[in-house]
Amino acid sequence: MIPEIGHFALILALALAACQSVLPLVGAHRNDAALMSVARSATFGQFFFVAVSFVCLTIAFLESDFSVLYVANHSQLALPTLYKVSAVWSAHEGSLLLWILLLAAWTAAVAKFSSDVPEPLIARVIGVLGLLSVGFLLFALLTSNPFDRLVPAAMDGADLNPLLQDPGLAIHPPLLYVGYVGFSVAFAFAIAAMIGGDLDQNWARWTRPWTVIAWAFLTMGIALGSWWAYYELGWGGWWFWDPVENASFMPWLMGTALIHSLAVTERRGLFKSWTLLLAISAFSLSLLGTFLVRSGIIVSVHAFATDPTRGFFILTFLAIVVVGALVLYAWRAPALDSTVGFSPLSRETFLLLNNVLLVVATTLVLLGTLAPLIVEMLNGGKISIGPPWFQVAFLIPMVPLVLLLGIGMHTAWRKQNEGPLMKLLRLPAIAALLIGVILPLLFYGRVSLMLVIGCFAAAWIVISSLIQPYRSWRRKDGAAAISRSALGMSISHLGMGLFIVGVTIVSAFGVESDRAMRVGQTLEVAGLEFELRELRQVQGPNYAAIEGVVEVRDDGDYIGTVRPQKRQYRVQKNLMTEAGIHPTWNKDLFVALGEQVGDGVWSVRIQYKPMIRFIWIGAFVMALGGLIAVSDRRRRRVTS
Amino acid sequence: MKPRQQRMLAVGLAVVGVAVAAGLTLRAFEENMMFFVDVSDVVAGDYPSERNFRIGGLVVAGSIEREEGSLDLSFRVTDTRCEIDVSYTGVLPDLFREGQGVVAHGRMGNEGVFIADKILAKHDENYMAPEVAESLGKHVQDQTASLSSRTEECETE
């Protein structure tokens, strides 16, 4: 009964989404207040029914209703309750429902917190979001209904993929989706502005907070995914340049460009058509990511099982959205742009460079991701592009980006005089250079070109982004305090610096060693002693495991004990590596059990990962900065 | 310099920068491109000899041999028509198993042994890399004509 309620609720949501899209758009066109006023109530109604549907699916999981095919395939009686909930979005059908729910939630939020936005604009925004909802609801109902029944019902479920039975992965998809889906708001604002033919600085003011919030969540989602891959896939890498990772990373890069471009549009009324194009691109890349993940078209560790119909549906949807948006852009955008001058040395220039470099970076990632598809279509054989390519290609735009970032933060709008800027940045530049060379020598005892570049860039950004907060803190009475949005910017950039610290140090000094190890044996890796004290059997709620107890010592001094496990889950029989990690702020010690390779001998992977936490801490600091900037009260004021 | 000259200089520098970056990117691209080669083609001698490539197929049942107490092992991979010996040193992924799909990165050594530096088995038991599925599919279709006696024998070099 409950699954049927969920199914009906989804159909009702589709009907409401249709109202939410068509009526306000027609209303805005005819300037008919009655039709436009449908927008908000239809939105809340759609959100309500999608939420009902989502709750119904969750109940089916909690009650282990194995007469529902999706539940039977992805849950099991003995599954811990947390994972019964997270299993809802563990595969295609449920994660699509989550996507729809979040889209409805974003739309409802836009409808709720937009009282100062002119009625025609908001009606169009909600209408465009409604069109997207219609597309996704149709997708769910026609190809991927999570409420399909299984007759006869299964006695027990096939269990959730053990890799997904992890708290990190329980929240990674929702965070990531909040970000992905959030870019649809910027997209809708862009389309609405083009339909209405009116784009002023207030438009950017209303669009920007939504975009920054979406960006912050996407940042956290990606970071969490990277962290999960690090400890759960068992092999200690934090980024693999896998197509699906790239699929989430491209909208992030584009979104980063977009929030910077929006800043220019808001403050100076410039870059209007460019901002529109970025808003369209960021969301299109989100859709492309969805297509890549769900069509199974690209070889990836993340790929969902292949289904051509779904791939076809998404591709059609993607084509309609992208082509439609670009046609509208070609037709309407030229009329929107305004020409205001700015000097070559000004914040506008730096933000323009930021945008160009980020778009280049996105293009390179896109190229590397799609190259295998393109080459195969041209009958060039099946190829793959290795991570080394991405590492090289990505650095080309990134190095100038981070160097310019340290300067750009301190430039004034319109025109910046050279003298004061040089004076302000001379000391930080020298300090950063010294730190870049000395610190790695001091702590790790060697340098290389990449290491110096990395350490310099990190120190440069960290110092540069602390200048403004520091001055505000030391300010004399009466001087203006730093605004929330400037503070948010400084913190975000600081996070970027911390991230670079982590990436640089861990790539230069990380040690990874595959060895054979017997009980009682001590191995030395990265100057530390790892002793395998014992191997023992452990029982979990739905798995049995062999656990290694590994004691780590530094010159005989006890540092910690890690307990890597090799788990076998009872239902799926899969083996799973659960790494043992001893984390401290400046290094991770990581041990993973491979397999038994002889009598009492196991293969192990031992890793020493200096500063790796800074990668994820940096990303969260970036996101935090974004959220602080959004909380700025001045944002809510409208300039006329 | 006049502003106009300045602008020309800036544009010139930008063009040079982009050209250098594009050149570097393309070279790295060429170096890091890795082909997927069917096992049958490898056995027939049709593979890039000077660079790394990927092979994929099923791990032949009973073919995994490990040197006691070390990380060296060897196994055979089949695309259901031809088989190839693969050697590898290191920790194996969890889903590496006899009869299961596998992808190996590496290059050909002497005596027809593929020396793998990376072994991939996928997350999910039901998921098979599309390229492996396709590589297997080709030969499985060949076989359906006469399942008992293979019409196509494995052709070696």
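Is Tyr543(A) buried or exposed? Tyr543(A) is buried, because 22 other C-beta atoms lie within 10 Å. The word buried stands for 20 or more other C-beta atoms within 10 Å of a residue's own, exposed for 12 or fewer, and partly exposed for what falls in between, with C-beta atoms placed from the backbone.

Before going on, a word on the model. It is predicted, so local features need pLDDT of at least 70 and side-chain atom pairs count only at pLDDT 80 or more, while totals for chains, interfaces and linings use all residues. Residues are numbered from 1 along each chain as its sequence is written, and chains are lettered from A and ligands numbered from 1 in the order in which they are written.

**Around Tyr543(A)**

Tyr543(A) belongs to strand 5 (residues 543-554) of chain A. Helices (H or I, at least four residues) and strands (E, at least two) are DSSP runs, numbered from the N terminus. Leaving out residues up to four places away in sequence, Tyr543(A) touches Arg567(A), Gln568(A), Tyr569(A) and Arg570(A); contact here means C-beta atoms, placed from the backbone, within 7 Å. Gln568(A) is 25 residues from Tyr543(A) in sequence, yet 5.4 Å away in space, C-alpha to C-alpha.

**Domains of chain A**

Chain A is assigned domain 1 (1-160) and domain 2 (518-614), with bounds from an automatic or database domain assignment. Their centres, taken over C-alpha atoms, are 43 Å apart. Where they meet, six residues of domain 1 of chain A are in contact with five residues of domain 2 of chain A.

Helix 6 of chain A is mostly covered, with 17 of its 21 residues buried. Helix 14 of chain A has a kink of about 35° at Leu395(A), shortly before the proline Pro397(A). That bend is the angle between axes fitted to the seven residues ending at a residue and the seven starting there. Among the buried residues of helix 14 of chain A are Trp389(A), Phe390(A), Pro397(A) and Leu401(A).

A nonpolar core is a set of buried Ala, Val, Leu, Ile, Met, Phe, Trp, Tyr and Cys residues joined through C-beta atoms within 7 Å. The largest one has 239 residues, and those with the most contacts inside it include Ile100(A), Leu103(A) and Phe189(A). Helix 9 (residues 201-232) of chain A gives the largest share of this core, 20 residues. Beyond its neighbours within four places in sequence, Ile100(A) is in contact with Val50(A), Ser133(A), Phe136(A), Leu137(A) and Ala140(A).

**Over to chain B**

Chain B has three helices and seven strands, and 33% of its 157 residues are buried. Strand 4 (residues 72-78) of chain B and strand 5 of chain B pair in the antiparallel sense over seven bridges; pairing requires at least two bridges found by DSSP. These two strands form a hairpin with four residues between them, and Thr80(B) in the turn has a positive phi of about 75°. Leu73(B) stands opposite Tyr88(B).

Strand 5 of chain B also runs parallel to strand 7 (residues 113-120) of chain B, joined by four bridges. There, Ser87(B) has Ile115(B) as its bridge partner. Strand 5 (residues 83-89) of chain B has Ile84(B), Val86(B) and Tyr88(B) on its covered face, and Glu83(B), Asp85(B), Ser87(B) and Thr89(B) on the uncovered one.

Conventions
Contact = placed C-beta atoms within 7 Å.
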